[in-house]
Amino acid sequence: MRPFVYEQPTDISAAVALASNFTTRDDQPTRANAQFIAGGTNLADYMKLGVAEPNRLLDLNRLEEQKLRQIRVTEDGIRFGALVRMGEAADHREIKERYPVIAESLHLAASGQIRNMASLAGNVLQRTRCEYFRETSWACNKRMPGSGCAAMDGFNRQHAVLGGSTACIATYHGDFAQALIALDAVVLTEGSRGARKIPFAKLHRQPGDTPHIETDLAADEIITAIEVPALPWGRRSLYLKIRDRESYAFALASAAVALDLDGETVREARIALGGVATVPWRASAAEEVLQGKKLDDASAGAAADAAFAEAQPRQHNAFKIELGKRTLVRALLETRDMKV
Amino acid sequence: MDAAAPRPKENQGEPLPRVDARLKVTGQAHYPADLPAASIAYGALATSSIARGKVTKLRLDDARAVPGVLDIVTYGDMDKIDKPKFGNSSATSIGPLHDRTIFHDGQIIALAVAETFEAAEEAAQLIRAEYEEDKPTASFDSPGTKTVAAAGKSPMFKEDVKAGDFDAAFAAAAVKIDQRYSTPTQHHNPIELFSTTAYWQGDQLVVHEPSQNVTGWKVELARQLKMDPANVRIVSPFIGGAFGSKGPMTPRTAIVAVAAKRLGRPVRCVTSRMQAFGTQTYRAETRHRIRIGAGKDGRITAFAHEGWEVTSRPDLYVVGGTSATGRMYGYGSVLTHVSLVQADRNTPGYMRSPPETPYVYALENAMDEMAVALGMDPVEFRRINEPKTEPIGKKPFSSRSLIQCYDQAAEAFGWARRDPKIGAMRDGEWLIGMGCATAIYPTAVAPCAARVRLTVDGDVRLQCGSHEIGTGVRTVAGQMASERLGVAIDKISVEMGDSSLPPAPVSGGSISTASVCSAVLKACDAIRTKLFAAATAEGGPLAGSHNEEFDLADGKIVAKSGASAKVENVLKAMQVGAIEEYAEFAPKGATPEALKKLYAGTPEFHGGEQDEDSVKYAFGAEFVEVRINRYTREIRVPRIVGAFAAGRIMNTRTARSQLMGGMIWGIGQALHEATEVDRRYARYVNRDLQDYLVPVNADIKDLQVILVPEIDHAVNPAGVKGLGELGNVGTAAAVASAVFHATGKRIRDLPIRIEQLLV
Amino acid sequence: MSQPSASHVALNRRNFMTGTVSAAAAVPLLGSPAKTQEVTQSRARLREPVVTTLRINKQRHELSLDPRTSLLDALRDHAGLTGTKKGCDHGQCGACTVLVDGKRVLSCLSFAVMNDGKEVTTIEGLASSDGKLHPMQQAFIDHDAFQCGYCTPGQIMSAIGCVNEGHAESENDIREYMSGNICRCAAYPNIVAAVLQARGETRGA
């Protein structure tokens with residue numbers, strides 16, 4: 001690990017000021033000299049591996065703004081402070097009752113210890129776990145732009161079939177983000193260029209030709225909160241995660257689903273897919289297929305086909321197309337059958 | 001009664017808690033990397049990122065410039081040291097710093113040593129190698145492999161066993177199968193990281209390192225360093241899981257010893273988990289072709305098992321499981337052949353039931369296919385082919401309780417409730433499958449020494465250079481002494497894991513309990529003889545009762561007649577404070593050189609298939625229930641029952657735990673474990689516990705172990721058959737059988753994964 | 001490692017922000033368009049040790065640490081508490097689990113300096129001073145919930161955390177919430193039995 005200077009800013013503006021002082025306008029947050037740390041579960045791992053090399057760490061855990069640590073559930077929706085830990089949100093009674101898809105996406109992620117450490121903002125910003133990204137001796141366009149992608153023709157069982165490019169097929173492995181993107185969440189940030197509200201769907205960037213650019217954030221921008229607009233029918237929602245073992249593993253495929261039903265007919269569907277895409281993945285085409293239709297095996301299958309119409313398999317991950325479809329079908333039918 | 005402490009049945013010992021349990025739950029069990037050492041320096045390895053070629057240049061300037069860096073050991077620095085010698089005590093013949101040739105991915109190219117762990121890691125990451133790279137050969141089917149016959153390449157695998165005329169019998173068989181199976185590369189991944197801590201006291205070298213073979217390592221390390229073995233000490237009192245990975249020493253040990261010598265201070269190197277995939281051994285990937293022919297009555301008339309195994313270029317490591325599979329059932333005729341396929345890989349090594357895990361998996365999956373082909377219940381099919389003698393040498397089994405195991409496990413599992421029709425059993429959206437398979441493991445034993453001291457205060461000190469890798473050997477050795485000396489277990493201290501103790505064989509091949517307990521038994525019996533002689537001598541407390549049988553209980557010598565005398569008083573009469581006996585146990589059939597070889601760290605193994613009088617195996621039967629989701633096809637094993645017979649059980653608690661752990665290993669073998677090789681580069685891809693999956697707590701639900709009583713006096717004086725490697729044999733085949741039952745899909749390549757069931 | 005200078009020891013997180021411009025900032029100061037009124041240089045320098053105070057098992061430890069030192073290595077190599085184990089160093093096995101301010105965390109993924117002023121409980125801090133074991137420790141013995149013992153300190157700390165979080169209500173709960181602790185010897189059913197036995201007493205402990 002490279003050595004770093006450790007800083008403990010005491011409020012958001014101080015943190016932003018420090019960051020802007022030690023980064024430049026064009027720096028990517030993941031490549032900047034100064035980087036923020038909260039839970040550390042992702043960054044400390046990548047610093048040890050030599051993947052992240054900040055020489056200045058700005059610890060956000062001493063920020064004095066209490067709203068950073070609060071969850072508010074109101075008629076307008078949910079407001080998660082950025083420093084709320086995954087475990088607190090997963091266990092929040094009202095969220096479990098009113099937005100089960102959110103609670104389940106958190107509960108099925110990581111382990112008890114990691115959920116106690118990881119902040120919600122840090123969780124949505126977690127970087128890919130691609131094996132070729134993690135180990136610095138491999139070619140990786142995300143880690144070292146222009147060096148190539150060893151995964152493309154390597155062992156790519158866990159890699160993405162949606163949203164990839166010729167430069168990168170690394171999967172976005174988070175779970176919580178799938179619930180957020182499905183529910184039209186908004187991310188609140190503060191930075192040297194002011195405060196912003198970023199639709200969650202615009203936060204992550206598909207790799208394209210620049211897989212090293214992972215998000216829309218500037219290096220001196222801090223996520224302060226995540227807001228989820230109210231969804232009165234959010235009780236009929238779930239997160240289904242399919243993995244090789246029963247717990248503590250990344251998704252091979254997952255689906256976040258919320259349904260507004262009129263009898264058996266879909267008034268509105270919200271669908272996001274995990275484990276199969278390079279970024280949190282809203283399956284809008286699948287939602288459209290279902291709108292106004294009776295939800296049954298056939299329409300669920302049609303929605304799944306639409307969701308994966310653009311999928312691009314590689315050698316070892318081709319099964320994710322079939323698995324992703326079946327995961328979505330199962331999630332839709334289970335959501336339909338929920339007693340709410 | 002508590003499931004963890006089964007009530008002992010016939011020939012089974014008490015479920016005493018482990019003697020080191022308190023140390024382990026309080027953090028006071030000190031594993032080798034826990035050793036506090038003043039002025040310790042920290043080492044970190046740099047390893048190659050290619051699998052084949054030469055290091056043309058090593059740039060060390062950036063690494064040396066890191067503040068706190070003390071030394072970098074690399075090419076040239078090991079020239080006065082002998083290269084490792086491949087064998088039981090050494091994982092490889094590759095001396096990674098002896099020349100610049102790269103034989104495999106992750107080969108050590110340097111050791112950076114610094115004042116702090118952080119500086120050492122930083123420096124190691126800054127070491128830059130330039131290579132002249134050759135196209136490497138990854139594995140089977142890669143261009144450039146070299147195939148050689150395995151027979152005779154290892155002292156453990158002398159021949160391709162055969163019997164009768166297979167070709168004729170197979171051609172004539174009414175029902176037959178001819179199928180291929182495969183198992184992947186697997187890494188042991190004990191949770192304790194591999195580490196070496198070395199320091200010198202004058203010309204004496206002390207190495208703290210987790211080891212399953214302290215005596216062997218002492219001798220091999222002394223040979224590499226050109227030292228008298230008497231000046232080398234290996235210390236390993238607790239080992240944080242081993243499973244074979246800490247059996248052979250790796251080249252790192254000598255490198256760290258050299259670094260400590262150069263610096264004149266202790267050096268500790270803890271290998272990262274990623275680096276361990278290339279610097280330690282692993283289970284070789286294997287392929288199998290199995291042909292079975294049988295009559296319509298289900299009697300097997302022809303069995304052929306061909307195996308192929310990956311090994312490195314320099315070292316011919318043999319897995320070789322056909323000596324067991326060829327003797328498993330009454331086959332009629334047997335044909336076997338094993339080939340080694342050399343590629344640009346690190347040398348494989350022992351991993352829990354090394355030959356049996358892959359070979360018996362293939363056999364038992366084939367047996368299940370054969371039962372299906374015959375339209376026969378798989379348990380019945382095995383019952384029909386139960387042999388009177390083993391088919392190769394026509395020798396009897398010293399004991400064989402396989403059918404009892406099947407009967408008891410089937411009963412507990414509820415096999416009778418299984419609907420044999422494919423896909424017939426369901427629970428909502430979950431398909432249910434049930435399957436079974438046989439477990440087998442050779443019963444071997446090796447020479448072993450032990451020192452036992454009984455004091456006038458009734459304390460016992462037991463010393464033996466065996467290894468507590470989690471098996472409970474410390475506890476069962478103590479139990480043996482407790483039983484023979486009539487002393488409570490809490491009065492017995494057991495010292496193990498140090499090459500300065502009386503030598504024990506490598507803790508591998510499931511020989512430790514049998515070998516150690518036989519040596520302890522011998523030492524204790526020598527103490528008994530002395531005590532009884534003294535007690536009955538003229539003037540002794542039991543004078544005159546020469547012809548009686550005696551026993552020791554509760555600190556007393558008790559005669560059959562009821563007369564008794566306190567041991568304390570006998571010792572006082574002898575005018576000694578303690579009796580100490582040093583026993584050297586050599587198994588039946590041992591050569592005249594056997595004890596010498598024990599001290600030289602190359603102990604003879606006896607038993608298994610090698611003895612003249614009989615073949616010696618432990619057996620078991622495992623039944624599993626799998627559940628597979630109708631849509632998404634993930635596979636879970638909510639229920640597993642295993643019944644095992646392994647001669648005398650010293651302690652039902654530790655025995656059950658080992659078998660339970662083995663069965664869960666078996667589930668991991670079936671569904672999770674595989675090290676993926678990037679075939680373009682012959683490099684490992686999933687080198688950590690994030691991507692190399694092993695079962696977690698939530699994967700295991702209802703698990704039952706049945707200890708089937710069995711008495712076998714032929715195996716060794718202790719009557720013990722090893723069982724540490726029995727539990728994970730056959731499990732994967734039982735899972736494959738259950739998956740077939742649930743889905744109609746026969747999966748022959750491990751691990752069984754979701755993608756194989758989606759198509 | 002050199003001892004920290006007196007001025008460094010005096011630094012706390014308040015005057016980090018209000019300190020004067022550092023004498024030798026290791027990194028060139030680059031354009032910062034906004035917030036010019038803020039003083040944004042700290043006095044900390046690259047490779048300088050940081051004094052970190054941890055309360056470990058109710059004892060105060062003042063440690064001079066490389067900021068890169070993980071909480072795990074601080075416990076093992078600096079506080080001499082080697083009961084906490086390193087199994088992967090990357091948050092994948094759970095062997096390094098300790099309680100920080102009562103919550104179970106992975107000490108390998110936390111830099112020690114980030115825990116300044118916090119209460120850390122390790123396996124060595126569970127038994128009472130008269131040697132009486134914590135109920136969870138006793139339950140692990142009773143149910144043979146380990147073999148090699150290496151993951152055991154992490155399992156026990158995690159089990160206590162799991163119970164205190166209210167996640168030990170059923171066997172399935174325990175299995176799920178203990179899945180972050182890998183036991184390669186695979187004592188899982190025994191671990192579940194141990195947590196069941198000790199959960200009542202642990203809640204009160």
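In the predicted model, B:Val735 is in contact with B:Gly435, B:Val624, B:Val626, B:Val637, B:Ile667, B:Ala670, B:Leu671 and B:Ile752, when its neighbours within four places in sequence are left aside. B:Val735 also belongs to the largest nonpolar core, which has 445 residues. Within this core, B:Val735 is one of the residues with the most contacts, together with B:Ala112, B:Val520 and B:Phe644.

The element that gives the most to this core is helix α13 of chain B, residues 512–536, with 13 residues. Of the 25 residues in α13(B), 20 are buried, and the helix is thus mostly covered. From its first C-alpha to its last, α13(B) reaches 35 Å. This span is close to the 36 Å expected at 1.5 Å a residue.

Chain B is divided into two domains. Domain 1 of chain B is made up of the segments 1–30, 395–443 and 608–759, while domain 2 of chain B covers 446–605. The centres of the two domains, taken over C-alpha atoms, are separated by 34 Å. The contact between them takes 20 residues from domain 1 of chain B and 20 residues from domain 2 of chain B. On the side of domain 1 of chain B that touches domain 2 of chain B, 9 residues are nonpolar, 7 are polar and 4 are charged.

Chain C also has a domain assignment, with domain 1 at 70–125 and domain 2 at 135–204. Here the C-alpha centres of the two domains lie 18 Å apart. Contact is made between 15 residues of domain 1 of chain C and 13 residues of domain 2 of chain C. On the side of domain 1 of chain C that touches domain 2 of chain C, the elements giving two or more residues are β3 (97–100) and β4 (103–106) of chain C. Strand β3(C) gives the most to this side, with 3 residues. By class, this side of domain 1 of chain C holds 6 nonpolar, 6 polar and 3 charged residues.

Between chains, the contact of chain A with chain B takes 25 residues from chain A and 27 residues from chain B. Helix α13 of chain A, residues 319–336, provides the largest share of the side of chain A that touches chain B, namely 7 residues. The side of chain A that touches chain B comprises 9 nonpolar, 5 polar and 11 charged residues.

Note on methods
Residues are numbered from 1 along each chain as its sequence is written. Chains are lettered from A and ligands numbered from 1 in the order in which they are written. This is a predicted model: local features need pLDDT of at least 70, side-chain atom pairs count only at pLDDT 80 or more; totals for chains, interfaces and linings use all residues. Two residues are in contact if their C-beta atoms, placed from the backbone, lie within 7 Å. Helices (H or I, at least four residues) and strands (E, at least two) are DSSP runs, numbered from the N terminus. Ala, Val, Leu, Ile, Met, Phe, Trp, Tyr, Cys and Pro count as nonpolar, Asp, Glu, Lys and Arg as charged, and the others, Gly among them, as polar. Domain bounds come from an automatic or database domain assignment. A nonpolar core is a set of buried Ala, Val, Leu, Ile, Met, Phe, Trp, Tyr and Cys residues joined through C-beta atoms within 7 Å. A residue is buried if 20 or more other C-beta atoms lie within 10 Å of its own, exposed if 12 or fewer, and partly exposed in between; C-beta atoms are placed from the backbone. The expected span of a helix is 1.5 Å times one less than its number of residues.
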